[in-house]
Amino acid sequence: MDGSDRELEFQGAEQRAERIAQALPRQIARAAALPGYGDRLADVDASGITGVADLAGLPVLRKSDLGEAQQKDPPFGGLTTKPASGFDHIFQSPGPIYEPGSTAPDWWRMGRFLRACGVGPGDVVQNCFGYHLTPAGMIFESGARAVGAAVLPAGTGQTELQVLAARDAGVTAYAGTPDYLKVILEAADRLGITLGITRAAVGGGALFPSLRDWYDGRGISCLQCYATADLGNIAYESPAREGMIVDEGVLVEIVTPGTGDPVAPGQVGEVVVTTLNPDYPLIRFATGDLSAILQGESPCGRSNMRIAGWMGRADQTTKIKGMFVRPEQVAALVARLAQVGRARVVADRKDEKDVMTVRLETLTAAVPDGLEAEAAEAVAQVLKLRGRIEICSPGSLPNDGKVIEDLRVYDGG
């Protein structure tokens, strides 16, 4: 990673906006020319899409769309600007979903995160992400190469051998899931071996505060990133540990689950990402993850937008009374009711039967006449079910991104 790339993290808002205004129209035009997008972007004037706000008018691309496109046109669904033979790697994730990979410098942009972790020349990184079929191992190896660190490609398993290799290779940093490092360290303790790991770059799972505290207690600084096989690095922690800083190679929106409509600032919603990677131009790719935008800049000085990190899954599809209720149906319900700003469908059990309550948050404190009756009719038409209507005051529904809540207790037997 060169000096100009590092400077991107600390650039001013106007500089970033200018850079996006140049790069984004080109990316939209690339995508529109690809057969995998079909007519999704056919009528879009790419020159008019110059900022994140302009993306709201474009359709959302979901994982299911990706899978369908790949079935019709394997392996990448006509969504890459190069043929499969033009990439260095072809990966397969559960689904199956295929992802391209490249040995081009920091192609997945993971170097920025590793540098924030303090990893660089002189370090040896024990990379415990998988290398077989899935791309995580190569993603982090590419990042380590970008910052000048050596890599021990360890993968997972054979923990005692991992301990010996870490000692003998002089490993100073760990890359892998949050909990596996603890397994390695505890194995080292049993063997009476002291390891020199002082930094950890983790992902692929939740880093619980108690586990981070455990690492802190052993003198290991542990930071996490938010990345996917399709998009590469999306956001990452810095030593400030206040939210995750959005990577400079992607644009992030937070939308109401089931829609492409941006939520109000600070509200929890689904993470939708547009990548600026010219080889794989994913436009408004819905991750299925929930998060929220944090106000202000990171105390570390990195100036890009921050998100709160992973806050659950957006796909809340639930079966009630034998019928599936989906987030997009809840969004359609809100759209039909002019006096309603938000809705939440609650599933529960009473007398061994499913019951449904639809909580509707009004735009004003005064409840409009006839709203309950209008809502009951809309619920029956949109959700194809009948349930109790509960009118709620503005701001009373929880800010957790949920539009469907299942309170039913399932017997684990």
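Which handedness does the β-α-β unit made by strand 18, helix 10 and strand 19 have? The unit is right-handed, with helix 10 spanning residues 371-382; a crossover counts as right-handed if, with the strands pointing away from the viewer, the path from the first strand over the helix to the second runs clockwise. The structure is a predicted model, in which local features need pLDDT of at least 70 and side-chain atom pairs count only at pLDDT 80 or more, while totals for chains, interfaces and linings use all residues. Residues are numbered from 1 along each chain as its sequence is written, and side-chain values use heavy atoms, with hydrogens and water left out.

Helices (H or I, at least four residues) and strands (E, at least two) are DSSP runs numbered from the N terminus, and two strands pair if DSSP finds at least two bridges between them. Strand 18 (residues 353-362) is paired with strand 19 (residues 388-392) in the parallel sense over five bridges, and E361 has C392 in strand 19 as its bridge partner. Strand 17 (residues 340-350) pairs with strand 18 in the antiparallel sense over 10 bridges; here R349 stands opposite D354. These strands belong to an open sheet of four strands with mixed pairing and the order 19-18-17-20. Strand 19 and strand 20 (404-406) are at the edges with a single partner strand each, so one side of each lacks a neighbour in the sheet. On average, neighbouring strands of this sheet are turned by 20 degrees against each other, direction ignored.

Strand 3 (residues 124-127) and strand 4 (residues 150-153) pair in the parallel sense over four bridges, with V125 opposite V151.

The axes of helix 7 (residues 180-191) and helix 8 (residues 209-217) come within 11 Å and cross at roughly 40 degrees. Axes are lines fitted to C-alpha atoms, for helices over the stretch in contact, and angles run from 0 to 180 degrees between N-to-C directions. Helix 7 and helix 8 are therefore oblique to each other, a class that holds the angles left over from roughly parallel (under 35 degrees), roughly antiparallel (over 145) and roughly perpendicular (65 to 115).

With a disulfide defined as a pair of cysteine sulfur atoms within 2.5 Å, the count is zero. The sulfur of C222 lies 8.0 Å from the closest cysteine sulfur, in C117, too far for a bond. For C300, the nearest cysteine sulfur, that of C117, is 12 Å away.
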